[in-house]
Every structure is written in structure tokens, then in C-alpha cells.
Amino acid sequence: LEPVYSSIPFLFYNICLIPLTTVIMMALIRLQIWWTGNDRFQNTKTVGFSAVLFAWIVVSSLERRSTCPVPFIPNLCFKTYEFDAGIGKFYKWIIKFNFGPVVQLLIAQLIMPRVSFVGHLAGIICGFIVHWNMLPREIFYTPQVLIPLIMFAHLALVRKLVYFRQSSLCDLSWRSDDLERGNALRSNASHWNKSQMAFLVWIRTSLIVATIISMTVFHVTSSQMISQVIVTLLTISSIFLSLMGRVRDAGVLWRVTVVSLILLITVDFMNLPYWTVMEPYISAVWSVQPLHYLLFLFFLRSSANFVALLIACYFTIETSDVDGIFGHVFGGIVVSSHSIIMEMQRIVLRLTFTPFQGQGIALNAE
């Protein structure tokens with residue numbers, strides 16, 4: 001399958017199938033609870049990569065005329081059926097179906113009764129969804145869009161942590177009751193001054209500008225555009241919660257922002273060679289050197305996202321604990337970025353000149 005999809009898209013598919021199979025499994029468990037009325041299914045746990053493998057089993061089976069899923073019964077084969085689900089002559093949609101993966105699911109359940117039947121069924125459903133092209137690729141099969149989008153939807157719809165208010169981002173003062181209740185930053189809240197507030201507003205503005213400039217090259221529905229918009233919204237909402245003094249909620253949102261920024265920056269660098277494909281389009285629309293414009297755009301996006309990542313890592317440590325899975329995976333990046341920001345603050349403080357500072361000696365004093 002990797003030669004068919006090529007290496008990088010195949011990697012992206014595998015990464016995205018992990019949350020997709022998890023979401024479908026959760027939906028199946030929710031349906032199971034509703035159907036049976038038994039709440040014990042809420043404690044269902046599953047671990048492993050087998051759901052993704054079942055998804056690829058479906059895709060591989062549908063690419064063949066027939067498949068023999070049982071190794072010890074080589075004559076038990078299943079034909080692949082084709083159906084035209086299109087609408088007349090205007091829209092053709094050929095879908096395929098094969099019973100082989102379902103038979104493999106039942107046999108695996110008989111041989112290993114303790115494996116997750118619902119998890120493997122979710123993988124089979126994902127396999128059909130992938131092969132039938134039921135979901136747009138730019139959203140559901142690009143990790144820098146899908147993973148932040150799922151976390152963003154959870155924070156906005158379930159935990160109600162995503163807020164946007166223009167006036168709050170310009171309010172550069174802490175309330176006294178917030179400081180007394182300990183809602184400000186945990187380490188040295190006195191350094192939270194107006195210059196740093198203005199810096200946060202500048203970060204917000206730079207990401208918005210990078211998003212607007214990206215719209216001149218990328219399509220609105222492209223993965224590059226959607227991922228940049230999601231990161232900008234997460235950064236704005238993280239700044240808003242920090243200014244409100246909601247430390248615990250801000251810490252959760254800063255973590256999500258860090259993960260989203262890392263995914264965006266990584267995928268941008270992985271896709272840098274593909275940016276040259278846009279040269280003919282840019283040269284036809286604008287009278288500029290395509291390569292120079294693309295390099296400028298890439299530098300602008302990367303710089304804004306890198307600075308936002310440094311700030312997000314800094315506030316992640318200031319507002320929450322870097323532990324658990326997040327700490328094991330991203331702890332090194334977060335701690336290093338926090339150290340860079342702290343060192344920059346020390347340099348700025350050493351360079352700051354304050355006239356008439358210290359103890360003076362009065363002239364002609366008696």
C-alpha cells in the first residue's frame with residue numbers, strides 16, 4: 001500500500017487513522033450503552049494498533065477482485081462487489097464491498113476472545129470510509145488539521161474553554177482579587193507587566209497576519225490554510241484565558257496549542273519541496289518571482305509559528321505541570337523553549353537602563 005499512496009501520505013494516513021478509529025469506537029460504545037442501557041461499557045479500554053491494521057485490510061481487500069482471508073482455509077475466498085452510488089449521469093460514485101474483512105474479524109474474535117471486537121469493527125468501518133472517499137482528505141487525513149481539530153472541538157463544545165473577546169486582549173491589568181486567590185501565574189506574578197502583555201498581543205497579531213497572507217496562495221479549504229487558522233484560534237483563546245487569570249484552563253489550552261504548533265511546523269517542513277508546484281500559478285497571477293514569494297511566505301509562516309511555539313511552551317510551564325504522556329513526548333521541547341524565553345527576559349532586564357536608580361548622595365547636605 002505504501003507504493004500506492006507514497007511514503008509521506010501513507011504516514012499521514014496511519015497517524016490520522018489512530019484518532020479516527022478511536023472516535024468511531026467511542027461512537028459505537030455510546031450506541032451500545034444506549035441500546036442495552038448498561039453503563040458499565042463506559043469503562044471500556046482498548047490499546048494497540050490493530051484497528052488501523054484492520055482498516056488497511058479493508059482497503060487492500062477492496063483493491064482486489066477477490067480475497068481469501070483465512071490462511072488455513074485457502075479455498076474460502078470472497079468476491080469484491082461494485083455498486084454505482086452516483087446520481088444519474090452527473091455524479092458517479094463507485095463503491096466496493098468485500099465480506100473478507102468481516103470474516104477475519106469473526107475469526108480473530110473466536111481465536112482470541114479478549115481482543116476488542118468494537119475496536120476492530122471501528123477499524124473496518126474506517127477502512128470502508130477511506131476507500132469510499134467519504135471524508136475530505138484535506139481535513140481528515142492530514143495530522144496537522146485532524147488532531148488539533150478534534151482537540152479544538154472537545155475544548156470548545158465539551159469543556160467550554162475556547163473564548164474570543166477583542167477587549168480582553170487589550171486589558172493589560174490584573175485584578176487584585178485574582179492575585180489574592182492565586183489565579184495569576186504561579187512563578188513570579190509580579191513580572192507580568194504591560195510590555196509582556198503587548199508582546200502577547202503582537203504574537204496574536206502576527207499569527208493573524210500570517211493567516212491572511214496564506215490566503216493569497218493557499219485555497220481556503222486546503223490543509224495548510226485550515227491548520228494555520230486552527231493554530232491562530234487556539235493561540236488567541238489561550239492568551240484570553242491567561243489574561244482572565246484562569247490558570248488551570250489556560251494550562252490545558254496552552255498544551256493543545258503546543259501540540260498543534262509542533263504538528264504544523266513539522267508538516268510545513270516536510271511539505272516544503274511541494275511548495276514549488278505553486279510556482280506557475282503565482283507567476284501567472286502576480287508579476288513577482290514565484291520562488292522568492294514562496295520563500296518569503298514560508299519564512300513568515302515559520303517565524304510566526306516558531307515564536308508562538310516558544311511563548312506557548314513558556315506559558316505551559318507557568319500555568320500547568322509538564323507530566324504524563326505530554327511530558328514524555330513534548331517535555332524536552334517545552335522545557336528548552338521555556339529556558340530560551342527566561343534567558344531572553346534576563347538579557348532584556350540587564351539591558352534596561354533606569355535613570356536615578358539606587359541610593360544617591362545629596363549635595364550640600366548638612
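The structure is a predicted model, in which local features need pLDDT of at least 70 and side-chain atom pairs count only at pLDDT 80 or more, while totals for chains, interfaces and linings use all residues. Residues are numbered from 1 along each chain as its sequence is written, and side-chain values use heavy atoms, with hydrogens and water left out.

Trp56 has an aromatic partner in Phe10, and the two ring centres sit 4.9 Å apart with the planes at 40°, so the pair is tilted. For the record, rings of Phe, Tyr and Trp (its six-membered ring) pair if their centres lie within 6.5 Å; planes under 30 degrees apart are stacked, over 60 edge-to-face, and the rest tilted. The partners come from distant parts of the chain, 46 residues apart: Phe10 belongs to helix H2 and Trp56 to helix H3 (residues 50–62). Helices (H or I, at least four residues) and strands (E, at least two) are DSSP runs, numbered from the N terminus. Phe10 is also buried, at 17% relative accessibility. Together with Tyr13 and Tyr141, Phe10 and Trp56 make up one aromatic cluster. Across the whole structure, the search turns up 11 aromatic pairs.

Stepping back to the whole chain, there are 15 helices and four strands. Of the 366 residues, 42% count as buried.

Now for the packing. In soluble globular proteins, nonpolar side chains tend to be buried together. A nonpolar core here is a set of buried Ala, Val, Leu, Ile, Met, Phe, Trp, Tyr and Cys residues joined through side-chain atoms within 4.5 Å. The largest such core holds 37 residues, and Val258 and Leu309 touch the most other members. H7, helix H10 (194–214), helix H11 (223–244), H12, helix H14 (290–319) and H15 each put at least two residues into this core, with H12 giving the largest share, 10 residues. Apart from neighbours within four places in sequence, Leu309 is in contact with Val258, Leu261, Ile262 and Ile265. There is also a second, separate core of 21 residues, and its members include Phe10, Trp56, Ala122 and Cys126.

The largest pocket has a volume of about 640 Å³. On a 1 Å grid over the protein atoms alone, a pocket is an open set of points with protein on both sides within 12 Å along at least five of seven lines, where a cavity would be a set in which a 1.4 Å probe fits but cannot get out; lining residues have an atom within 4 Å of a point. Grid points are joined across faces, edges and corners, and the volume is the space filled by probe spheres set on the points.

The lining of the largest pocket runs to 15 residues, with Ile147, Ile150, Met151, Val259 and Ile325 nearest the centre. By class, 13 are nonpolar, one is polar and one is charged (Ala, Val, Leu, Ile, Met, Phe, Trp, Tyr, Cys and Pro count as nonpolar, Asp, Glu, Lys and Arg as charged, and the others, Gly among them, as polar). Helix H2 (7–36), helix H7 (143–158), helix H12 (247–270) and helix H15 (324–351) each supply at least two lining residues, and H7 has the largest share, with five.

Met151 sits in helix H7 and is partly exposed, at 23% relative accessibility. Leaving out neighbours within four places in sequence, Met151 is in contact with Val256, Val259 and Ser260. From Met151 to Leu253 the C-alpha distance is 9.4 Å, although 102 residues separate them in sequence.

Thr211, in helix H10, is buried at 9% relative accessibility. Beyond neighbours within four places in sequence, Thr211 is in contact with Met225, Gln228, Val229 and Thr232.

Most residues other than glycine have a negative phi. Asn133, however, has a positive phi near 55°. Asn133 lies in the loop between helix H5 (117–131) and helix H6 (137–140) and is exposed, at 63% relative accessibility.

Notes. Buried means under 20% relative accessible area, exposed over 50%, partly exposed in between (1.4 Å probe, protein chains only). Contact means heavy atoms within 4.5 Å.
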